[in-house]
Structures are given as C-alpha cells and as structure tokens.
Amino acid sequence: MSSLINTVKIIKLPHHFEDNGDLVVMEGLINVPFDIARVFVVRAPQNAVRGQHAHRACAQFLTCPRGVIEVLCDDGLQTATFLLDHPNIGLLVPPGIWSQQTYVGLESALTVLCDRHYEAEDYIREYPEYLAYRHAHNLSK
C-alpha cells in the first residue's frame, strides 16, 4: 500500500477586493480541478468535529468562507493537517482519503464542491472499514 497523502492539495482561488466587499471565484475545470456536480454548506458550533469519512469515488473541494476550520486528512499510512482560514483557500480531497473537519472558529462554515451527486454507497463511515478498503484496493497514484 502506498501513500496518497500527497494528492491532497491546497489551491488558491481568485480573490477580488472592492470598497463594498470582496468576491472569491470557484469555477469547475478552471480553478476547481473537476466539473462540479454538487455543492453543500455545513455550519457547526465551535470545536465541533464533522466529516470523519472517506469516499470511494467522489472528489471534494473544501473552502471556508467564514471562520476557521482545521482539516485532518489520512490515507491509512500518513496524515496531514490543513487550516482553512481564508475564503480564497480551497483544499482538494481526492477519493480514498479519510477526512475530518474541526470547526475551530466561531460561526465557521464549510462549502463543499463535489464531482459527483450524492451516493450513500460511496461513503466509508467507519475507520476500520476504511483501512480494510485501502488495503484491499492498494490505492496508489
């Protein structure tokens, strides 16, 4: 089994400032590395831990338009932690990566862009099952 942790990537998004506010642009296949099939927003109280799953096929792009969110990514061999604390910073989480998010800041929100529609069978929600999946599929890039 080889490490996939280097496939998780921070991507800086265009951020435009004006006197009356600012704008962050996310466009599929331009600065988000896939066609966008689904978008959802998660809000949670400070110190809440969410996610705690992996996807078999779905790639996700995470942004934090408000607050601060710490994202722990795990490929079964290595872990990496990323801090989403600016609206123009996105995190690409490819399929096969276990991810959990800790809502560090007050009133933090996470916007998630996905390359697939919701499929319950795509989720791996138990960490031992995830490790077995990784081992059985010898995921590598």
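Start with two strands: select E7 and strand E10 (residues 98-103), which pair in the antiparallel sense over six bridges. Keep in mind as you click around that this is a predicted model. In general, strands of a sheet pair through backbone hydrogen bonds, either parallel or antiparallel. Now pick out Cys-73 and look across: Ser-99 in E10 stands opposite. Next, click Leu-72, whose bridge partner in E10 is Gln-100. Leu-72 also has a bridge partner in E8, namely Thr-81.

**The sheet around E7**

Stay with E8 for a moment. Six bridges join E7 to E8, and the two run antiparallel. They form a hairpin with four residues between them. Select Gly-76 in that turn: Gly-76 has a positive phi of about 90°.

In what order do the five strands of the open sheet come? Colour them and read across: E8-E7-E10-E5-E12, with antiparallel pairing. At the edges you'll find E8 and strand E12 (123-124), each pairing on one side only.

**Over to E6**

Now select strand E6 (60-66). Is E6 mostly covered or mostly open? Mostly covered: five of its seven residues are buried. E6 has antiparallel partners to show you. Five bridges join E6 to E11. There, click Thr-63 and find its bridge partner in E11, Thr-111.

**Into the core**

Time to show side chains. In soluble globular proteins, nonpolar side chains tend to be buried together. Here, the largest nonpolar core has 22 residues. Select Leu-62, Val-71, Cys-73, Leu-84, Leu-91 and Leu-110, the residues with the most contacts inside this core.

Zoom in on Leu-110 and show what it touches. Leaving aside residues up to four places away in sequence, its contacts are Phe-40, Val-41, Val-42, Leu-62, Thr-63, Ile-69, Leu-84, Gln-101 and Tyr-103. Leave Phe-40 and Gln-101 highlighted, as both come up again at the next stop.

**The largest pocket**

Select Phe-40, Gly-51, His-53, Gln-60 and Gln-101: of the 18 residues lining the largest pocket, these lie nearest its centre. How much space lies in this pocket? About 230 Å³. Two or more lining residues come from each of E4, E5, E6, E10 and E11. E5 gives the most, with five residues.

Most residues other than glycine have a negative phi, and most peptide bonds are trans. So what is phi at Leu-29? Near 65°, a positive value in a residue other than glycine. Look for Leu-29 in the loop between strand E3 (21-24) and strand E4 (38-43). With a relative accessible area of 56%, Leu-29 is exposed.

Then select Asn-47, in the loop between E4 and strand E5 (49-55). Asn-47 has a positive phi too, near 75°. Is Asn-47 buried or exposed? Asn-47 counts as exposed because its relative accessibility is 57%, over the 50% cut-off.

**Last stop: the helix**

Finally, select helix H1 (residues 127-137) and find Arg-134 in it. Is this residue, Arg-134, buried or exposed? Arg-134 counts as buried, because its relative accessibility is 0%. Arg-134 and Asp-75 are 59 residues apart along the chain, and their C-alpha atoms are separated by 7.9 Å.

Definitions and conventions:
Residues numbered from 1 in each chain as written. Predicted model: local features only at pLDDT ≥ 70, side-chain atom pairs only at ≥ 80, totals over all residues. Heavy atoms only, no water. Core = buried A, V, L, I, M, F, W, Y, C linked by side-chain atoms within 4.5 Å. Buried < 20%, exposed > 50% of the residue type's maximum accessible area, 1.4 Å probe, protein only. Contact = heavy atoms within 4.5 Å. Pairing = 2+ DSSP bridges. 1 Å grid on protein atoms, 1.4 Å probe; cavity = no way out; pocket = protein on both sides within 12 Å on 5 of 7 lines; lining within 4 Å. Points joined across faces, edges and corners; volume = space filled by probe spheres on them.
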